[in-house]
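User: I am new to this structure and would like to learn how to read its features. Can we go through them in turn?

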Amino acid sequence: AVAESDLRPEAYSPAHAAGIWQFIESTGRHYGLRIDSYIDQRRDFKMSTQSALRFLESLNGQFKDWLLAMAAYNAGPGRISGAIDSQGSRSYFDLKLPRETERYIFRIAAIKLIMSDPGRFGADLSEKEKYPLYDLDTVTVAIKSKTFPIVHISEIAGRSYRHLTD
């Protein structure tokens, strides 16, 4: 998620990918995310992470290789399959891929190394520079009508409309 969006739920790409895992709408829906005019679960940390894991597992099942699966997550499975077929190699390191995809695996490896031991790499992050921890509750609400204004939800929750929508 760090490589995809810097953990920013509001991230949006020119290809219309959104959220921390940068799902395009069709892939997000295929992996169980609700995306409509009322809600976009691509921006939900828990839901999108579960969907991203299912997608990555599916790609690994298809390519039988985690590096190719990760490359396919970035470039799309069709592009990776096409590169394998046209270039005659199943090695991520031997395939000529879009520049962003060629750098993707190395970017993830670098992020993992740095995040595992930031001090070792001269990154001494203060608390104010870190992402804030959110104290979240999951609440299920049964609504009998098709429409229920969010302002009513904010009133019931005892929160401002802005608090719920920021």
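Analyst: We can begin with a position. V141 sits in the loop between α6 (99-116) and α7. Keep in mind that the model is predicted.

User: Is V141 buried or exposed, and why?

Analyst: Burial is read from relative accessible area, and a residue counts as exposed when that value is over 50%. V141 has a relative accessible area of 58%, so V141 is exposed.

User: Which surface patch includes V141?

Analyst: V141 belongs to a nonpolar patch on the surface, together with V139, I143, F148, I150, V151, I153, I156, Y161 and L164. Together these residues have about 900 Å² of accessible area.

User: Which helices supply at least two residues each to the nonpolar patch?

Analyst: Those helices are α7 (150-157) and α8 (161-165). The most comes from α7, which gives 4 residues.

User: Where is the kink in α6 centred?

Analyst: A kink is read as an angle between axes fitted on either side of a residue. In α6 the kink is about 30 degrees and is centred on I105.

User: Which residues of α6 are buried?

Analyst: I105 is one of them, and the others are T101, Y104 and I111. The cover over these buried residues of α6 includes α1 (2-5), α4 (66-75) and α5 (77-87).

User: What is phi at Q22?

Analyst: Phi at Q22 is about 55 degrees, again a positive value although Q22 is not a glycine. Q22 also has its place in the loop between α1 and α2.

User: Why does Q22 count as buried?

Analyst: Buried means under 20% relative accessible area. Q22 has 14% relative accessibility, so Q22 counts as buried.

User: What is Q22 in contact with?

Analyst: Here neighbours within four places in sequence are left aside. What remains for Q22 is contact with E4, S5, A11, Y12, S13 and A17. As for Q41, it lies 19 residues from Q22 along the chain, and their C-alpha atoms are separated by 11 Å.

User: How far apart are A11 and S86?

Analyst: Separation can be stated both along the sequence and in space. A11 and S86 are 75 residues apart in sequence, and their C-alpha atoms are 33 Å apart in space.

User: Last, salt bridges. How many does a search of the whole structure find?

Analyst: Side chains of opposite charge can pair when their charged atoms come close. The search of the whole structure finds 6 salt bridges. One of them joins the side chains of R8 and E10, at 3.8 Å from N to O. R8 has 38% relative accessibility, so R8 counts as partly exposed.

User: Which residue forms a salt bridge with R29?

Analyst: The partner of R29 is E25, and their closest N and O atoms are 3.1 Å apart. Both lie in helix α2, 4 residues apart, which is about one turn of the helix. R29 counts as partly exposed at 43% relative accessibility, and E25 counts as partly exposed at 37%.

User: Are D40 and R42 buried or exposed?

Analyst: D40 and R42 are both buried. Their side chains meet in a salt bridge of 2.7 Å, N to O. Salt bridges that share partners join D40, R42 and R43 into one network.

Notes:
Residues numbered from 1 in each chain as written. Predicted model: local features only at pLDDT ≥ 70, side-chain atom pairs only at ≥ 80, totals over all residues. Heavy atoms only, no water. Patch = residues over 30% accessible without salt bridge, like charges linked within 9 Å, V, L, I, M, F, W, Y side chains within 5 Å. Areas by Shrake-Rupley, 256 points an atom, 1.4 Å probe, with all protein chains shown as cover. Salt bridge = Lys/Arg side-chain N within 4 Å of Asp/Glu carboxyl O. Buried < 20%, exposed > 50% of the residue type's maximum accessible area, 1.4 Å probe, protein only. Bend = angle between axes of the 7 residues up to and from the residue. Contact = heavy atoms within 4.5 Å.
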